[in-house]
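Try each task first, then follow the solution step by step.

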Amino acid sequence: MIKNATVLTVTKGTLTNTDVLVSGGKISRIGKGLNAPNGVQEIDATGKFLMPGIIDAHSHIALSAVNEGTSQVTSEVQMGDVIDPFDVSIYRALAGGVTSTHALHGSANVIGGESETLKLRYGSTNPEDLKFENAPRTIKFALGENPTRGGRSRGIQPSSRMGVEAMLRNSFTDAQAYRAKWNAYKADKNPRKIAPEYDLRMETLVDILEGRVLVHCHSYRADEIYMLMKVFADFGITKLTYQHANEAYKVAPELAEFGAMASVFADWWAYKLEVYYSTAYNATILTRNGVTTSINSDSGELIRHLFHEAAKTQKYGDLTDEEALSLITLNPAKQLGIENRVGSIEVGKDADLALFEGHPLSVYAIPVMTFVDGVKYFDRANDIKDQRIYVNPEQAVENVTIFNREDQHRCMDTEVVSFEALFSNNK
Amino acid sequence: MKGAMKRVFQLIIIAIMVPLLSFGQEDDQVMKARGGKFALTNAKIYTVTNGIIENGTLLINNGIIEAVGANVKIPADAEVIDCKGKEIYPGMIDSGTKLGLSEIESIAEANDFSESGDLTPQMQALSAVNPNSVSIPVTRVSGVTTVWTAPAGGVLPGTAATINLFGYTPDQMFAGSKGIIMNFPSSGGGGRFRRRSPEEQAKAVERALKTVNDAWDKAELYAKIEGSGDVRDYPEIEALVPVVKGSMALFIEVNAAKDILTALEWIKKRGYKNVVLTGVAEGWRVADKIAEAKVPVVAGPVQAIPTRDSDAYDAAYANPAIMHKAGVKVAIRTGDTENVRNLPYHAGFAAAYGMGKEEALKAITINAAQILGVSDQIGSIEVGKKANVFVSTGDPFETATKITNVFIDGYLIPMTSQQIRLYDEFLNRTPGVKKNDPAIQIKKK
Amino acid sequence: MKLLSIKTIRAVFLLLISVASLSVKAQSDPTGQSAVTRTFAITNATVVQAPGKEIKEATVVIKNGLIEAVGTNLTIPNNAQVIDGKGMYVYSAFIDGLAYTGSKRPENVARPNNLFSPDPPNDYAGITPENSVLAQIDISSSTIGNMRKEGFAISHTVPYGRMLPGSGALILLGDKSHADEIMLMNDVSMFTQFAGAPGAYPGNVLGIMAKWRNLYRNAENNKKHYDAYTENPSGIERPERDRVTEAFFPVVTKQRPVVFDVAGVLEVQRAMSLQKDLGFKLIVGNVQQAWDIAPMLKNNGTGVFLSLDMPDMPKEAKGKDLEAMTEETKQLEARKMEFWKKYASQAAVLSAAGVKFGFSSLDATGNKIKANLMTMIENGLNESDALAALTINAASLLGIDKIAGTVEKGKTANLMVSNAPFFTKDAQIRYMFVDGDKYDLEIKEKKEAGKGNASEGSAAGAAAVVGSWTYSFETPQGETTGKMIIKNEGGTLTGSMTSGDGSGDVDMQDVTFVNGVLTFSISRDGGGQSIELVISGTVTGKTYNAEVTVSAFNFSTPLTATKDDGQ
């Protein structure tokens, strides 16, 4: 039981001097002066702030591979196959109050692979232990410079934004034809019928058409954001969240009308041409225009202070405390379809909690404890420095890597590492 | 009739053209900076070197701080800005950026901080600064008034310069100091080759140091024999001579603990007096040695991943504080280009993780100015110093704090930038989703 | 796996025929290497019939490739060559569960001119499950003899390749002149690994997992189609011939297991999740991190071939070095040792969990196998479990327990004869019997100090590599040639590579030359990013046979170099 904290519920206001009882991995009671049942550990949180565990809707930590970049449509691949529970970034994210991440395919492909929603249960060697059980299926799409660069470097489509739209329409049309073929097969009463070719790529595209998979689309420019909504409208796809969407503010009314959501950076810009016309007021403009918005990190470094990133909307636009906190709790939960389980402190929800010294929106905030399913995974007072799960016995102890922002930001891939270029004689 | 109409028309135009005090602009009015005489009144003034004035006035005249105190007489012709409830600070100084040298990171043509070749210390960052970079207004409206902008890559990438973030030519921006950048041979980043031993790493560093030492040996020789007649015209080596003579500072980028120690020894052996270590990501491991050597450091970015997988998660946050407590003079940098505006947050994190607000503020004001060699002109609010100051609604480290006024070189800076203009245009877009909704349908044939 | 399959009978028959025809055709052998008789008797030895079953002062009689009799007080046939086994120990020869022994890396598939990377031809993508390793067997490969010297008589050899290189075969590690002569059983497994196509789909583990599912599910459907068509083609579309899908049919019916090369604990779990998804029979091989998943392996009934490779033991600091270490360094070093012990004791952990496992030499260096086994035993692996893994368990996992794995009458005469109990430090193998043929092994004298292969830094050793070499290797763009220049700078090896294509010199990094193996790395520009290439191989005289590995693309290709004249 967490005693006497200032509880930032996100949905039901701020409760001072309040206790939160956790039982069976769930939040079981919230109130003042609760009595802890026998044997329940009490944590004195006087003077501290309790908020829902932070959810990062765009992350590539805990993954052994990020892009299957050899094809422009790879809806058949699954990030769930490549979860890496050994990534120390997981612990460091916990130390920043994060309890869940959306492990995404990279942005090399127009249609990428299915992503995986994770709970940061650090310490296991079994990748399955990190999966957020029963979270809705999600998939990664990408528009703009990243997929077109891949096409240009290999002389294949798409090499321009026009080609991106064409590829999307072709893929969905192919999926409709595939579905028709299989529907015909299933309806066929002939006992000696032969199955059409099975194609996992098409199967997933059909699932998207039928609304079983939430689409998260890496995008930047206003025109491509608009384009996708039109394509989706034509094919009847409605569940859409834009990722990064630096120019989404320019088409905020359209997003609101479509019902699309957005997951954006607090203030990253200018690293590519398509983000040159960004504004740090993006999240504010979207929120004020009625678009459900979240702030993400897309970085193993930024994820550790998402609470600070969210606070930037109070500088760039005057969002209220609750609006700012929603950007990293309830809103990303909605975008991942897990808002019935996490994203706020309410009785019955999972006990994914983060305890802070100092209000989380203050720059001086220090996360001190993080719980996932009621289990404490981070405790600053008892922090052990070396959090590696496995150690390579042959690696030198002093293994220094100097921090380079680009290494952490996987969507910032500004160079396509080309196998062909490696051995090419055209230098 | 015509004349009267014209006058009415003119009055209307003038009315529209009255500059607004809030962000943004109306129609196509351009906001410009203004020089002159200003009195900032009723503010809490953080001088940094002379304590806090609870309710004070700051007088700016022709680019200089003319007076500061609780009882300052306000000249009649001064433009008065009432700062009641607000705070005034020296403009923040970022002692490590590439601001102005890179417009869009991914486009090679837009990047000017790195030249071909390993030994290019004569390359002048100052000349390549784009005074009209879109990032500059974006940065200064957040209270960062001055930055060190430096070349990168290779061993001796070039000469960096301190620039104020206001001016229409590099010379108008130049804030008074330059320095030679050197990337110290690094033992870090062993890559996937698992058999690389500490001995092999050390040997690699040794070999690289030889190249470095060759260059500096030549520079020392050059310093001795220049002017004697038979000296080769050698711009690369010439550029190093001011460091040898002590008239220009040498900024050494070095991060691994072992490398820092090697660098300190190297500095001692070569006897150069005016040296700064930058980066120092593992400075906390050898803080005592750095303090002993009396070498100042520029640390950052503070919001960074620890250098080793086995390090505590907050190693980078706590780094500046640990070095400071050991007696090292610390300035904080972002190391950034387009988001230098986040400098107060790097300092804020350093403050939260052991440095404390006061020291962290020094790290981005007076310490930075001292390390960059411009502390006679900026870095604190003192009479006679340049008027680089900003007015804020509260603690500038706190994320929600707004910066309301910025002065650079005594000019009141227009509180606008590309990002603010985009905010104004799109917060309530005209039209919204529906473009035209006429009552009468368009006639079709 | 059916023992009396047509293929096996055919193989044995061929063997007998070839032997018979030999005896009819060529009696004369000027090399003097042929055996006089195929009947042997090893007398008075300790025969370890199976783990935990020893017979002292026993005799083993071998005739025509089979074990004729084992026991005490046997009648020795008249025509037998008698070997005095006094003081010797006879074991069933070892079985290598997963190896490249005898297999030669084929030339890289040429990159098609208009490669469409999302949909490359199957052979470029490395999807060739229909191939058999037999096509790659190089009968003169020294690896066969090397493994035999380590006590192995049977190897489950698999082909080199990428995602689905082909089927593995069981080969006998004898010294023969034709691949057919060493083939015990062909097509015993479908070999697979997480190796992507070079710059084409599937490029990495993500694509490979999806491709696997796609291939398998289509194979299931196609098999139904084939079966229906075979039974009664009337009214059914003719199925298209597709070698790849046909190669999956025995896997779909679970007659043939899938053998996955998966070293790390995550990869093992990925293979297992694929198996749970699709339902094929799975054996994981070359496993190197099994200590945390032993219960999972047991519960899933997954077959395991544990790697015989071990990481180098971390050096423990002593004396002054130890005093100079900070607390932090001591803790970090302690963790390294803790994990080294996990690698060393995982075999014991598997045994304790009841997992039936064999061993694989895939990533191991031949001459370290015995030492690594001893390390595993020192760290808790029980000798009889070690022996079981090397013999009967491996046989059982590979489905050949009726003809191999123990010293019993009726089984193939594969024996290892050692001059002391095998799991003692100085024990040496004196004889190997492979398929009933005897091989004498030389006793190694104790190495004199300072002799043997050059070690890093020693002047004599460095001379072997210092100088100018001309190299060549195959890339997707064709052959690249140039010069390698290696120098010895005060004990440290440095070097540079020049390229014939006009690109500048590249410095060699981390050059090491240990035990005849020269290794170094270089960086090349891959479209703006620096990519590391690691080159490693053996120096024999003036020849350097190495491999260039680009781990960023999971690509490797052979490199050969010859020392320039006058060096």
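**Exercise 1. Find the partner of B:Asp314 in a salt bridge, and give the distance between the closest N and O atoms.**

Solution. Bear in mind that this is a predicted model.
- Step 1: Look across to chain A, where A:Arg380 forms a salt bridge with B:Asp314.
- Step 2: Check the distance: the closest N and O atoms are 2.8 Å apart. The rule asks for a side-chain nitrogen of Lys or Arg within 4 Å of a carboxyl oxygen of Asp or Glu, so the pair qualifies.

**Exercise 2. Work out which elements of chain A supply at least two residues each to the side that touches chain B, and which gives the most.**

Solution. 
- Step 1: List the elements of chain A: α1 (88–94), α6 (252–258), α7 (282–288), α8 (306–315), β15 (366–372) and α11 (405–408).
- Step 2: Pick out the top contributor, which is α8(A) with 5 residues.

**Exercise 3. Describe how much area chain A and chain B bury between them.**

Solution. 
- Step 1: Start with the residues in contact: 64 from chain A and 62 from chain B.
- Step 2: Turn to area: the two chains bury about 5900 Å² between them, and carbon and sulfur atoms account for 53% of it.
- Step 3: Name the residues of chain A that lose the most area to chain B: A:Trp269, A:Lys315 and A:Tyr364, which together make up 14% of what that side buries.

**Exercise 4. Now move to chain C: why is helix α11 (residues 369–378) described as largely enclosed by the rest of the structure?**

Solution. 
- Step 1: Take the background: buried residues make up 54% of the 567 residues in chain C.
- Step 2: Count within the helix: 8 of the 10 residues of α11(C) are buried, so the helix is largely enclosed. Among them are C:Ile369, C:Leu373, C:Met374 and C:Ile377, and also C:Lys370.
- Step 3: Find the surroundings: the buried residues of α11(C) pack against α3 (142–149), β7 (152–157), β12 (303–307), α10 (327–352), β13 (357–360) and α12 (383–390) of chain C.
- Step 4: Follow the chain onward to C:Gly380, which comes after α11(C) and has a positive phi, near 115 degrees.

Key
Residues are numbered from 1 along each chain as its sequence is written. Chains are lettered from A and ligands numbered from 1 in the order in which they are written. This is a predicted model: local features need pLDDT of at least 70, side-chain atom pairs count only at pLDDT 80 or more; totals for chains, interfaces and linings use all residues. Side-chain values use heavy atoms; hydrogens and water are left out. Contact means heavy atoms within 4.5 Å. Buried area is the accessible area (1.4 Å probe) that two parts lose on being put together, summed over both. Helices (H or I, at least four residues) and strands (E, at least two) are DSSP runs, numbered from the N terminus. Buried means under 20% relative accessible area, exposed over 50%, partly exposed in between (1.4 Å probe, protein chains only).
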